[in-house]
Amino acid sequence: MNILFSINAKFIDLTKTCIRSIIRFDKNIDFYILHHDLNQKHMYDLRRSFLECTFHFIEVKEEEFKGFPISSRYPLEIYYRLFASDLLPKTLDRILYLDVDIVVIQSLRELYNMDFESNLYIASSHVNERMTHLNAKRLGLKEDVPYINTGVLLMNLELLRKQLNKQDILNYVNAHKKNLVLFDQDVLTALYGDKTKLVDSRKYNLSERMMNFYNLRNPRSRIDLDWVKKNSVIIHYCGRMKPWNGKYIGCLDCFYRELEK
């Protein structure tokens, strides 16, 4: 199984937590890490912490991404995943990208081995129908194009090498800079949202916010912590509320606390 992270040195500890959660259920994993500022100490630390795993560190040159909008919340590394098919070894045919603010609570094998059905990506959406329409209007898309959450992305590398066009991405970013909000998600949705197979976010990309929204819309089939423990695979602490910051409101932080212990 190939797992991809895109990080800078500030996220080493979170990356370790995410890896610890994964290897509880799956072994023989190759971790590929796209970065621009990790040093030999960082790399040694990760390898020493997880001797049973194989790590591949791929340095990305910052100048290759000049002109891409960034902010304190969205660093340059968020764009690396868009070009993973160019940056990773050509021998790989698929890889699962994960944000490091994620905890895995069951095996990833079922997701990893899913049939792409000729799509470039497999992912989830975190927005309802109304927000899908608003995002489509903002980004100049057809209204039925799903808005993709890029925190969990199964990538069809073989097909991406044939269809992904770096110039298309650069052109879109330059043409729509003023309208981009969640930078990489906006770009991926705009260019490849219609080539993405959707999976249930409750199972493969569950956040506290998504859980609350689902329960509001489905009062007769609400999901609770017991349901999550039995059915969910990936807990995503996306947004500003993080359990490691001490200001978490909700119940899903229990999975992070469990790993902390």
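Analyst: Begin with pairing: two strands count as a pair if DSSP finds at least two bridges between them. This is a predicted model, and in it β1 (residues 2-6) is joined to β4 by 2 bridges. These two strands run parallel. Isoleucine 3 stands opposite leucine 96 in β4.

User: What is the order of the strands in the open sheet?

Analyst: In general, strands of a sheet pair through backbone hydrogen bonds, either parallel or antiparallel. Here 7 strands make an open sheet with mixed pairing, and the order is β3-β2-β1-β4-β7-β6-β8.

User: Which strands stand at the edges?

Analyst: The edges are β3 (54-59) and β8 (196-198). Each has a single partner strand, so one side of each has no neighbour in the sheet. On average, neighbouring strands of this sheet are turned by 30° against each other, with direction ignored.

User: Which strands does helix α2 touch?

Analyst: Helix α2 (residues 40-49) packs on the sheet and touches β2 and β3. The direction of α2 makes about 160° with that of β3. Another helix, α8, also packs on the sheet. The strands that α8 touches are β6, β7 and β8, and its direction makes about 55° with that of β7.

User: How do I describe two helices that pack on each other?

Analyst: Two packed helices are described by the angle between their axes and the distance between the axes. For α1 (residues 12-23) and α2, the axes come within 11 Å and cross at roughly 20°. Angles under 35 degrees count as roughly parallel, and α1 and α2 are therefore roughly parallel to each other. Their crossing is right-handed. On the α1 side the contact is made by Ile12, Lys16 and Ile19. On the α2 side it is made by His42, Asp45, Leu46 and Ser49.

User: Which residues touch the most other members of the largest nonpolar core?

Analyst: They are Leu4, Leu88, Tyr121, Met155 and Ile169, in a core of 43 residues. Elements that give two or more residues to this core include β2 (30-35), β6 (121-125) and α7 (166-176). The largest share, 5 residues, comes from α8.

User: What does leucine 88 touch?

Analyst: Leaving aside residues up to four places away in sequence, leucine 88 touches Leu4, Tyr32, Leu34, Ile58, Ile95 and Leu157. There is also a second, separate core of 37 residues; among them are Phe57, Leu98, Met114 and Val233.

Definitions and conventions:
Residues numbered from 1 in each chain as written. Predicted model: local features only at pLDDT ≥ 70, side-chain atom pairs only at ≥ 80, totals over all residues. Heavy atoms only, no water. Core = buried A, V, L, I, M, F, W, Y, C linked by side-chain atoms within 4.5 Å. Buried < 20%, exposed > 50% of the residue type's maximum accessible area, 1.4 Å probe, protein only. Helix = DSSP H or I, 4+ residues; strand = E, 2+ residues; numbered from the N terminus. Contact = heavy atoms within 4.5 Å. Axes fitted to C-alpha atoms, helices over the stretch in contact; angles between N-to-C directions. Parallel < 35°, antiparallel > 145°, perpendicular 65-115°, else oblique. Left-handed = near helix turned anticlockwise from the far one by under 90°.
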